[in-house]
Amino acid sequence: AVAPLMTLLAIGVKLSSPGPVFYRQERVTWNGERFRMLKFRTMPLDAETASGPVWAAPGQRRATPFGAFMRRWSLDELPQFVNVLKGEMSIVGPRPERPEFVDRFKREIPRYMQKHLVKAGITGWAQVNDFRGQTDLSERIRYDLYYIENWSLWFDLRIIALTIGHLVRTRHAY
């Protein structure tokens, strides 16, 4: 159903900057398993060459202009549905992190590794409550664990509906 939109976005990425259309990044999911998360590329090829892995922060201008547009509407995340079809991710669940950050956070944040008791998701309870990007990680984990402890099909459907509403109301991804 989203193939025509994804085709247009792929063309936009290709025309707006040199390099591949997709960006593959190692992430950690259920039971600590690693997988290659797929996204549309929003940054220049050498964006992390000097810095290494870093979290995106407000005010950073690392994205290409077309990439910034895709991030504003979270369109760069559409290819993650391929990860869902491959069984690596769920539509709803705690967001996956890069292994470098997991290694750090498991020492710093109590109960952090419990978020890996379920598959990582494209959206989640923490995200619809504005805990994404540079936000309080302890609070984000609290929301992730609340989701895990209170999971139901209705809770997932509520999060999906809230995600759609959130995308329409706010456009502040960076």
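## An aromatic cluster

Trp125, Phe131, Tyr143, Tyr146, Tyr147 and Phe155 come together as one aromatic cluster in this structure, which is a predicted model. One member of the cluster, Tyr147, belongs to helix 6 and is buried, its relative accessible area being 4%. If neighbours within four places in sequence are set aside, the contacts of Tyr147 are Val92, Gly93, Pro94, Trp125, Phe155, Asp156 and Ile159, and among them Trp125 and Phe155 are also members of the aromatic cluster. The chain also brings Gly124 towards this residue, for the C-alpha atoms of Tyr147 and Gly124 are separated by 7.9 Å although the two residues are 23 apart along the chain.

## Overall architecture

The chain contains 7 helices and 4 strands, and when these elements are read along the sequence they give the pattern α-β-β-α-α-β-α-β-α-α-α. Of its 174 residues, 43% count as buried, while the accessible surface of the chain comes to about 9,700 Å², with 60% of that area belonging to carbon and sulfur atoms.

Strand 1, which covers residues 22-28, and strand 2, which covers residues 34-40, pair in the antiparallel sense over 7 bridges. Within this pairing, Glu26 has Arg36 of strand 2 as its bridge partner. The hairpin has 5 residues between the strands, and in this hairpin Asn31 takes a positive phi near 60 degrees.

Most residues other than glycine have a negative phi. Against that background, Ser74 is worth noting, with a positive phi near 60 degrees in a residue other than glycine. Ser74 sits in the loop between helix 2 (65-72) and helix 3 (80-85), where it is buried, with a relative accessible area of 16%.

Arg111 likewise has a positive phi, of about 65 degrees, although it is not a glycine.

## Aromatic pairs and helix 2

The structure holds 10 aromatic pairs. In the case of Phe66 and Phe69, the ring centres are 5.8 Å apart and the planes stand at 35 degrees, so this pair is tilted. Both residues lie in helix 2, where they are 3 residues apart, about one turn of the helix. Phe66, at 21% relative accessibility, counts as partly exposed, and Phe69, at 34%, also counts as partly exposed.

## Gln127 in helix 5

Where does Gln127 lie? Its place is in helix 5, which spans residues 125-128, and at 9% relative accessibility Gln127 counts as buried. Not counting residues up to four places away in sequence, Gln127 touches Gly93, Arg95, Arg132, Arg140 and His166. Gly93 is thus a contact of Gln127 and is also listed among the contacts of Tyr147, which links the surroundings of these two buried residues.

## A nonpolar patch on the surface

Which residues form a nonpolar patch on the surface? Trp151, Leu153, Trp154 and Leu157 do so, with about 510 Å² of accessible area together. Trp151 lies in the loop between helix 6 (137-149) and helix 7 (153-169), and helix 6 is the element in which Tyr147 is found.

Notes:
Residues numbered from 1 in each chain as written. Predicted model: local features only at pLDDT ≥ 70, side-chain atom pairs only at ≥ 80, totals over all residues. Heavy atoms only, no water. Helix = DSSP H or I, 4+ residues; strand = E, 2+ residues; numbered from the N terminus. Buried < 20%, exposed > 50% of the residue type's maximum accessible area, 1.4 Å probe, protein only. Areas by Shrake-Rupley, 256 points an atom, 1.4 Å probe, with all protein chains shown as cover. Pairing = 2+ DSSP bridges. Patch = residues over 30% accessible without salt bridge, like charges linked within 9 Å, V, L, I, M, F, W, Y side chains within 5 Å. Salt bridge = Lys/Arg side-chain N within 4 Å of Asp/Glu carboxyl O. Phe/Tyr/Trp six-rings, centres within 6.5 Å; stacked < 30°, edge-to-face > 60°. Contact = heavy atoms within 4.5 Å.
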